[in-house]
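Here is a quick walk through one model, a few spots at a time. Have the sequence and the 3D view open side by side as you read.

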Amino acid sequence: MNRLAAASVRPEPVEGQDGAPASIPPLHDMDARELAARVACRELTATDVARHFIARVEALNPGLNAIVQFDPARVLAEAEAVDRRLAAGEQLPLAGVPFTVKDNLWVEGYRIAQGSLLFEDFVAPRDAWAVARLRALGGVVLGITNCSEFACKGVTSNPVYGATRHPLDPSLTPGGSSGGAVSALASGLGLLALATDAGGSTRRPAAHCGLVGLKPSPGLIPHPWGFAEPNYGLSVIGVLARNVADCAWAFDLLAAYDAGDPAGVPIPSGLTQPMPETPPRDLRIAWSPRLGCDFAIDEDVLAQLQARVDALRAAGWQIADADPPWPPEAREYPLIALQHAGLHALYGEQWAADPTRIDPVLGGQIETGARIAPADVARALRLRERIAHALAGFFEHYDLLLCPTAPVTAWPLEQLGPPVIGGQPAGPRGHAAFTPLFNYCGVPACSVPAGTVRGLPVGLQVVAPRYEDARVLGFAAVVEGCAA
């Protein structure tokens, strides 16, 4: 389990039912499941929990700029409502668990801006489906976390809130676009986090901050309303946690079918049943260190990930070296044109009217999108089909694919990306090369902590065929427990 926050905030001791201090670990060090169980059995109150996490946010967040909308009175009111519901006899699986929500998902009554001046005064009229679900189960919204504008940049900075800092080193970025979510969670500001992932925005920041980040199969966590999505058909709700068991538990509570979600599918029987403690030993597993695309990766990052794979092999898992047979065009972010076209369609008029209202990096993407012809979009969609077909064929021979989540550790805060990867000049998306192909294919992928390099975390990505999310999470737990 990750314990990245060095600072410790200790409010008044929580009292037990007899008035004596309860003998419990710090609340921010608990698993989300343990905390919920303690609140549900009234060993703790949700209000006690809320006060503890409010104190941590007030003490630690100013140095991180991870949570950008925070209302202590509202947090306490939500927690008090949970205590009343428990007293009335309700069964609440998430009783009192504090969670954060990325700034592109609606939370009723909060200002949700997508990191954009265009939406700086927008107040969400209702909760996003996933937010409503967690709150209905007893979770408490701790705050709104920072993201890049429209969640379309690989670092977390924007014109509304500025930059979010890495929890281990404030001179570094936590990555993006869900950098606020990971910086907060890794610092003990909440026990779970909701994010989004259109090309790796949940998984890559999770890898940079030593967290578990799940991109589920499309439609399994409904998202039927909210902001218009530039990456239409590619973005999903992501789940962040400090360990695989908490992530799997949260996913199990969120997985459902909603006919209002265009990607929604009726849940296949047994999809979200509790995963076995150990997956079957006859799994056919492939390890692809450069993902069959000759992607650049820093040597020390690759060595650390290879050591984790070798440890899995030493533990008895049969892991072959094998690459998916992608089409030749499937290289670094091959369908980025869809994002550019989507941004231009949504915000091209606003950019033309007043470029000072949009992050110049996003403005450049919008201008690129203006030059994309309909035939280019059609070709990109056809390429997406071919990419998905190639991975589906690969999964006829393998049950799981392992690969890097990111080819680098976290880099300096002021840079959009590392200028050099693996000793070679890197393009603006070089740090993000290992994740978007799995969005195009619509398959589940999970980043799992796999050690550190130069004191900074790295992540191993576990991928399986579409709707085999339970298989991904089951083996992610194996990776987590197998030290290199």
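Cys403 is not part of any disulfide, and its nearest cysteine sulfur, on Cys293, sits 9.9 Å away (a disulfide here is a pair of cysteine sulfur atoms within 2.5 Å). Cys441 is in no disulfide either, with the sulfur of Cys293 as the nearest one at 11 Å. Cys441 is buried too, at 4% relative accessible area. Searching the whole structure turns up zero disulfides.

A word on the ground rules: this is a predicted model, so local features need pLDDT of at least 70 and side-chain atom pairs count only at pLDDT 80 or more, while totals for chains, interfaces and linings use all residues. Residues are numbered from 1 along each chain as its sequence is written, and side-chain values use heavy atoms, with hydrogens and water left out.

H3 covers residues 72–87 (helices, H or I with at least four residues, and strands, E with at least two, are DSSP runs numbered from the N terminus). Its 16 residues should span 22 Å at 1.5 Å a residue, and the end C-alpha atoms are 23 Å apart, which agrees (the expected span is 1.5 Å times one less than the number of residues).

Which residues of H3 are buried? They are Val75, Glu78, Ala79, Val82, Asp83 and Leu86. These cover an arc of only 145° around the axis, so they lie on the same side of H3 (the arc is taken from the directions from the helix axis to the C-beta atoms). On the other side, Ala73, Arg84 and Ala87 are exposed. The buried set packs against helices H1, H2 and H4 and strand E3 (contact means heavy atoms within 4.5 Å). After H3 comes Gly89, with a positive phi near 100°.

## Strand E2

Five of the five residues of E2 (98–102) are buried, so this strand is largely enclosed by the rest of the structure. Pro98, Thr100 and Lys102 cover one side, with Phe99 and Val101 on the other. E2 pairs with E3 in the parallel sense over five bridges (two strands pair if DSSP finds at least two bridges between them). Val101 has Ile144 as its bridge partner in E3.

Key. Buried means under 20% relative accessible area, exposed over 50%, partly exposed in between (1.4 Å probe, protein chains only).
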